[in-house]
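Subject: The two-chain model, handed over

Hello,

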Amino acid sequence: MDHIVIIGNGISGVTLARHIRKLSDKKITIISAESDYFFSRTALMYVYMGHMKFEHTQPYENWFWKKNRIDLVNGFVEKVETDTKKLVLKDGTTIPYDKLVIATGSKPNKFGWPGQDLKGVQGLYSKQDLELLQENAPNNKICNRAVIVGGGLIGIEMAEMLRSREIPVTFLVRENSFWNGVLPAGESAMINEHILDHHIDLQLETNLEKIIADENGRAKAVVTDKGETIECNVVGLTAGVTPNIDFLKDSGIELGRGVKVNRFLETNVKDIFAIGDCAEQHEGIGSRRPIEAVWYTGRMMGEALAQTLCDKPREYTPGHWFNSAKFLDIEYQTYGWVFSERSKKDNEQHFHWRHPSEKICITVAFDKDSHQFLGLNTFGIRMRHEIFDQWLTENRDIDHVMTYLRDANFDPEFFKLYEEEIVAKYNADFNKNISPKKKSWKRIFSIA
Amino acid sequence: MGNFDRSMSLAGEPPKALNTGQKLAVLTGMTGMGILILQLFNLNLGNTALWLSVAILAIFTGIIWFSQAAYAHKQKGIKNDGIWFKSMSSRGVLAWMAGIALTGFYIVLYFYPHYLGLVKDGDNTGLIALFDPLSKGLSGNPASQWFVYGTMYTVAILAFGVKFIWKYRHNKYEQLRTVSVMFFQTAFAFFIPEIMARLNGDLPYYDLKNMWPLNYYNFERYRINGFIDSGSVGMTMLFFGIISIFVISPFLTYKYGKRWYCSWVCGCGGLAETAGDSFRQLSDKSKFAWKVERWVVHSVVVFVTLMTTAVIYSYLGNDTSKYWLTKTVFISGVAFILTAVFAWVMIYKREELAKDAKYGAIGYFTIIVVLIGMHFFSDSGNIFIFKAETLRSTYSFLIGSIFSGVIGTGFYPILGNRVWCRFGCPMAAVLGFQQRMFSKFRITTNGGQCISCGNCSTYCEMGIDVRAYAQKGENIVRSSCVGCGICSAVCPRGVLKLENGPEKGRINSNDVLLGNDVDLMDLVNNK
C-alpha cells in the first residue's frame with residue numbers, strides 16, 4: 001500500500017489528505033512543526049482580537065484524524081533524501097515515503113532592512129507569529145505604537161488587530177494609494193478613507209529605511225525614506241510572503257522562488273509533488289501568477305492532486321478566478337479579472353459606481369470592443385459566486401450583467417439594494433438604456 | 001493553546017476594562033437593581049409607584065447608556081472585539097456569579113415566591129408589593145410573582161433589544177427581527193393578557209403567540225372550561241390555540257423556516273437574542289453535543305405529546321350522545337394524525353431523513369403503543385402506573401420550571417443563551433422537524449468563498465457547526481437553526497445568506513468546491 005507523506009498541515013495538505021481518504025485506503029501521514037492539528041490560518045487574527053479562541057479556528061474536532069486514519073506527526077522536516085525516499089526530521093527520526101507532497105506554505109518577506117531581525121520585529125503568518133504578537137503587543141501600555149510595513153492584505157489585517165486593542169498604528173505603504181497594484185483607483189481611494197476612519201496613521205509613498213534598536217536589542221523606532229523617525233515597540237513586516245522551502249535547498253528538487261511544478265503538480269523528481277503557496281508553476285495559468293498564495297487555490301490544488309495520487313491523473317486546471325478579503329469593516333469579493341490601472345491591458349475598460357455616503361462601491365471590467373464581461377470587484381455588497389461563474393463561462397457581455405444584476409445580490413434579507421442606482425450610473429456613463437430585471441429564483445437556480 | 005495562554009499572563013492582558021461612560025452606566029443600572037433588592041428586605045420606601053418607576057427607569061437608562069458608550073463612537077460593523085477576554089462572556093468569575101444569581105432567582109421565583117413578598121390572602125409585601133401599583137393599573141389585580149417576572153422580562157428584552165440594534169446597526173435583518181421580538185413581548189406577552197384580564201375576568205391568562213407545545217398547559221381542563229365559559233371570545237381563543245399549531249405555524253414554517261417564530265416572535269427566543277446575546281458563543285459545537293441534543297429534545301416532544309393527550313383524555317367522557325368528542329374519538333384522532341404524519345414522512349422524505357428516521361420511528365411507536373395501552377387498560381388517562389395529573393405536574397416541574405427557567409435562563413452565562421431552545425423546547429423541535437422536511441428556508445453557502453475561519457460556528461447560539469457545511473459548499477438545512485442570522489452577519493467573506501427559495505436543490509453537497517476545474521467537479525460530484 002502506498003504511503004503518502006504530506007509536509008504541511010495547512011489548507012492544501014489537509015484538503016489533499018481528506019480527498020485521498022475519500023478515494024482510497026492509502027496510508028496518509030501529515031507532518032507539521034507549526035501545530036498539532038489543522039487550523040484556519042486566515043482566522044488567526046480573530047484569536048488576537050478576542051472574537052475566537054484558538055480551538056475555534058480548528059475546522060475538525062480532534063477525533064477526526066484518527067477516525068479517518070490520517071496520521072499526524074508533529075515535527076520539523078530538515079532534509080528530503082530523494083534517493084532513499086525518506087525524510088529526516090530535526091529530532092533525527094526518519095520517515096519513509098512512497099509519494100511525497102510538499103505543502104509547506106509561505107513565510108513573510110524580508111528585504112534586507114537594517115534591524116529586520118531585532119526583537120519586536122515580526123511578520124504575521126504562522127501560529128508562532130500570533131503567539132509572538134501576543135507577547136510583543138498585549139496591550140497599549142506595553143506597546144505604545146506599532147509600525148506596519150507593507151500595504152497588502154496582511155498589513156491591513158495586522159493594523160485591524162492592533163487597533164482592536166487600542167494600540168496606535170502607523171501604516172507605511174510604498175504605493176501612493178493602498179493596494180493600488182491590485183485595486184483600481186476608486187476602490188483603493190475608498191479603502192484609504194476607511195483606514196483613516198479607523199484612526200490608523202496611513203503614510204502613503206513611504207518606505208522603511210531602517211529599524212533602530214534600544215540597548216536590549218529591541219526595536220525602538222523606525223526611520224522612513226522621508227527622513228522621519230517614528231518611535232514604536234513593534235514593527236510588523238507585511239510586505240508579502242515567499243515560499244517556505246529553505247529545507248529543500250540541496251534535495252535535488254528544482255526550485256525557483258517556489259518548488260517548480262508542472263500542471264500535474266509534479267516536481268522534477270519522480271513521486272514528489274508540491275501544492276499550495278509553495279508551488280510555482282513553470283508558467284502562470286491564464287492570468288494567474290506562477291505562485292498563487294491564496295487560500296482557495298491551495299484548496300483547489302489539493303482537490304486536483306488527490307485525483308492524480310489515486311491513479312486518475314488530472315492537471316491542475318482552475319476555473320474562473322475569484323477571491324475575497326475584508327478591509328476592516330468592508331467586505332471585498334472579486335469574480336473574474338479586474339486589473340488596476342497599473343497592470344490592466346489596453347482592451348480592459350471599467351465601469352465604477354460608488355455610493356454617495358456609505359463605503360460601498362463596485363467596479364466592472366469589460367472588453368472595450370466586444371463589451372464582453374471580464375470581471376467584477378464588489379465592496380460592501382455581497383454577490384453570488386455561482387452567478388458570476390456562470391456569466392463568465394457563458395462569455396456574457398456587460399449589458400447582460402447590468403440587466404440581471406439583481407440575481408447576483410447576496411446581501412442578507414432586508415438590506416438596501418443598489419441595483420437601480422448602479423444601472424442608472426451605467427446608463428449615464430455609457431449612454432445606454434438598460435432597466436434591471438427583477439430577481440428570479442428560476443434563473444438563480446437554473447445552474448444548480 | 002498552552003503557549004498562548006502563558007504568554008498572555010506573562011505579558012499583561014489585553015484591554016477589556018470599561019470606559020468611563022460604561023462605568024457610569026453600570027452604576028446607574030445597578031442603582032435600579034439595588035432599589036429592587038432593598039425591597040426584598042421589605043423596607044418601606046413609601047411611595048411605591050414612584051420607587052418602582054425610578055428603579056425601572058434606572059435599569060433601562062443604565063443598559064442603554066452602556067450600549068451607547070460601547071458602540072456609538074465606533075464604526076459600524078461586527079463588534080466582537082475582546083469577547084473571549086471578558087470575564088462575563090468567557091465563563092469567567094463574573095459569568096459564574098451571574099449564573100448563580102440568576103439560577104437562585106429562578107428557584108425562588110418558581111418554588112419560594114413568598115420570599116419575594118407574595119402573600120396568598122392579604123396584601124403583598126416586599127418586592128411584589130412594589131409592583132402592585134403597576135399591576136393594579138393594568139389588570140386591576142395585585143401583582144403576583146409572575147407579574148414581577150413578566151415586567152422585568154419585558155424590560156430586559158426592550159433595553160437589551162436597544163443594545164442589540166445598536167450593535168448591529170449595519171444589519172437591517174438583525175434590527176427588524178429585534179424590533180419584532182420587542183413588539184411581541186411588550187404587546188402580546190405583557191399588555192394584552194393583562195388588559196384582557198381587566199375586560200373579562202374569567203378568561204384564562206393567554207399570551208396568544210405562546211402556542212402548544214411550548215405552552216404545554218394550554219389544553220388543561222381549567223383552561224378549556226375558562227375558554228368555554230367566556231363565550232365567543234373564549235371559544236375564538238381556543239380555536240386560535242388549535243389552529244396556531246396545526247395550520248398557522250406549519251404554513252409560516254413552510255414559507256420562512258422556524259425563524260418566523262423562534263427569533264421573530266417567541267418570548268424565550270426574544271430574551272435569548274437580546275439579554276442573552278453576549279453568551280451566544282458559549283454553546284457547545286461538538287458532535288457529541290448534537291447527539292445529546294437530538295435525544296433530549298425529541299424525548300421532550302414525546303413526553304409533552306403523551307402528557308397532553310393523557311390530560312385531555314382524562315377529562316373527556318364516553319357518552320357520544322352528550323358530546324361528540326369522546327375518549328375514543330379523541331384518542332383515535334391523535335393516533336390518526338400521528339400515523340398520517342409518520343407515513344407521509346416515510347414515503348416522501350425518506351432520503352432526507354436517512355439516519356434520523358430510526359429515531360423518528362422509535363418516538364412514533366413509543367407514543368402509539370402507549371396510547372393504545374392507555375385506551376385499553378385505563379379509563380382515566382393513566383399511563384402505566386402514572387396518573388395524567390402526575391404526568392402533568394412532573395412535566396410542569398421538570399420541563400416547565402427546571403429546564404426552561406432554572407437551567408435555560410439561569411445558565412445563560414455558562415452554557416449559552418439557547419440551551420432551552422436547543423435541548424428542551426418541544427415547540428422548537430416540532431417546528432425544526434418541519435423546517436428540515438418541508439420548508440423553503442435554508443442558509444445558502446456562496447460557492448467556494450468559505451475560508452473555514454470559524455466565526456459562523458463560534459457565534460451560532462444553537463451550536464450548529466455552520467463551518468462544516470460552508471467549507472464544503474453545502475447549504476445549511478438543520479432542524480435546530482432558529483434563523484437568527486448571526487452566522488451570516490459575522491462571516492468576513494460574505495459566504496452565508498438566509499433565504500427562502502425553491503425546495504429543489506435546497507439540500508446539496510459538493511465534494512469539489514466551485515472555482516476548481518469544471519470537469520473535475522462534474523466527475524467527482526456525479527460519481
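Does G252(A) count as buried, partly exposed or exposed? With 15 C-beta neighbours inside 10 Å, G252(A) counts as partly exposed; the scale calls a residue buried if 20 or more other C-beta atoms lie within 10 Å of its own, exposed if 12 or fewer, and partly exposed in between, with C-beta atoms placed from the backbone.

Two notes on conventions. This is a predicted model, in which local features need pLDDT of at least 70 and side-chain atom pairs count only at pLDDT 80 or more, while totals for chains, interfaces and linings use all residues. Residues are numbered from 1 along each chain as its sequence is written, and chains are lettered from A and ligands numbered from 1 in the order in which they are written.

Back to G252(A), which is found in the loop between β17 (241-243) and β18 (259-261) of chain A. Helices (H or I, at least four residues) and strands (E, at least two) are DSSP runs, numbered from the N terminus. Leaving aside neighbours within four places in sequence, G252(A) is in contact with T82(A) and V269(A); contact here requires C-beta atoms, placed from the backbone, to lie within 7 Å. The C-alpha atoms of G252(A) and E81(A) are separated by 8.8 Å, although the two residues are 171 apart along the chain.

Chain A as a whole

The secondary structure of chain A comes to twelve helices and 25 strands. Its C-alpha trace spans about 70 × 60 × 40 Å along the principal axes. For 448 residues, a compact globule would have a radius of gyration near 22 Å, and the 23 Å of chain A agrees with that; the radius is taken over C-alpha atoms, and the globule rule is 2.2 Å times the number of residues to the power 0.38. Buried residues make up 49% of the chain. Of the contacts in chain A with a separation of 6 or more, 62% come from residues 24 or more positions apart.

The domain assignment of chain A gives domain 1 (3-107 + 242-309), domain 2 (121-239) and domain 3 (322-445), with bounds that come from an automatic or database domain assignment. Between domain 1 of chain A and domain 3 of chain A, the C-alpha centres lie 35 Å apart.

Strands in chain A

One open sheet has three strands in the order β4-β5-β6 (chain A), paired antiparallel; strands pair if DSSP finds at least two bridges between them. Its edge strands are β4 (77-81) and β6 (94-96) of chain A, each pairing on one side only. Four bridges join β4(A) to β5 (residues 86-89) of chain A, and K79(A) has V88(A) as its bridge partner in β5(A).

Strand β10 (residues 146-149) of chain A is worth a look too. A146(A) and I148(A) point one way from β10(A), V147(A) and V149(A) the other way, and all are buried. In a regular strand the side chains alternate between the two faces of the sheet. β10(A) pairs in the parallel sense over four bridges with β16 (residues 234-237) of chain A, where A146(A) stands opposite V234(A). Four bridges also join β10(A) to β11 (residues 169-172) of chain A, again running parallel, and there I148(A) stands opposite F171(A).

Where the chains meet

58 residues of chain A are in contact with 57 residues of chain B. On the side of chain A that touches chain B, α4 (127-136), α7 (295-309), β21 (322-327), β22 (330-336), α8 (385-393) and α12 (441-445) of chain A each supply at least two residues. α7(A) gives the most, with seven residues.

Chain B

For chain B, the domain assignment gives domain 1 (18-73 + 116-200), domain 2 (295-425) and domain 3 (441-525). The C-alpha centres of domain 2 of chain B and domain 3 of chain B lie 33 Å apart, and six residues of domain 2 of chain B are in contact with six residues of domain 3 of chain B.

Strand β2 (residues 496-500) of chain B is largely enclosed by the rest of the structure, because four of its five residues are buried. β1 (residues 441-445) of chain B and β2(B) pair antiparallel over five bridges, with T445(B) opposite L496(B).

F251(B), in helix α10 (residues 231-256) of chain B, counts as exposed with 12 C-beta neighbours inside 10 Å.

Best wishes

Methods:
Contact = placed C-beta atoms within 7 Å.
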